[in-house]
Amino acid sequence: VQLVESGGGLVQPGGSLRLSCAASGFTFSTSGMSWARQVPGKEFEWVSSIHSDGTTYYADSVKGRFTISRDNAKNTMYLQMNSLEPEDTAVYYCVKAPSSDWIEVWPRGQGTQVTISS
């Protein structure tokens, strides 16, 4: 399993970013996938999941602002993040997990830093 995140950066509050996760080494099209984030010293936090059939789930803290999607032809998952807040600052991880359950133990990528600051 290989997961490579990209798209992080520094944006101002209210801005947007689109994260990508390139997946390989497993059958992506039939795998549930998730995004999670972590601030140093805090717990690994589930953000969103998408099932193989496209069904999506979101943490309450990002619902209405973030959109998870996938392109099975490209073996890639995305996270569109709008109306970003300073509290969204974290390292964001792509996780090969179908839900929030035990999110911290599933395979993950190296992470991409997202910083929201004026």
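I began with the charges that lie over rings, and found Lys96 over the face of Phe26, at 5.1 Å from the ring centre. I note here that the model I am reading is a predicted one. I then looked up Arg18, whose charged end sits over the ring of Tyr78, with 3.9 Å to the centre of that ring.

Next I turned to the strands around these residues. I traced the open sheet to which they belong and wrote down four strands in the order E1-E3-E8-E7, with antiparallel pairing. Strand E1 (2-6) and strand E7 (66-71) each have a single partner strand and stand at the edges, so one side of each is left without a neighbour in the sheet. For the twist from one strand to the next I noted an average of 15°.

Last, I went through the aromatic pairs, of which the structure holds two. The one I followed up joins Phe44 and Tyr93, a tilted pair with 5.4 Å from centre to centre and 55° between the planes. Because Phe44 lies in the loop between strand E4 (33-38) and strand E5 (45-50), while Tyr93 is in strand E9 (residues 90-95), this pair ties together parts that are 49 residues apart in sequence.

Notes
Residues are numbered from 1 along each chain as its sequence is written. This is a predicted model: local features need pLDDT of at least 70, side-chain atom pairs count only at pLDDT 80 or more; totals for chains, interfaces and linings use all residues. Side-chain values use heavy atoms; hydrogens and water are left out. Two strands pair if DSSP finds at least two bridges between them. Helices (H or I, at least four residues) and strands (E, at least two) are DSSP runs, numbered from the N terminus. Axes are lines fitted to C-alpha atoms, for helices over the stretch in contact, and angles run from 0 to 180 degrees between N-to-C directions. Rings of Phe, Tyr and Trp (its six-membered ring) pair if their centres lie within 6.5 Å; planes under 30 degrees apart count as stacked, over 60 as edge-to-face and the rest as tilted. A charge sits over a ring if NZ of Lys or CZ of Arg is within 6 Å of the ring centre and within 35 degrees of the ring normal.
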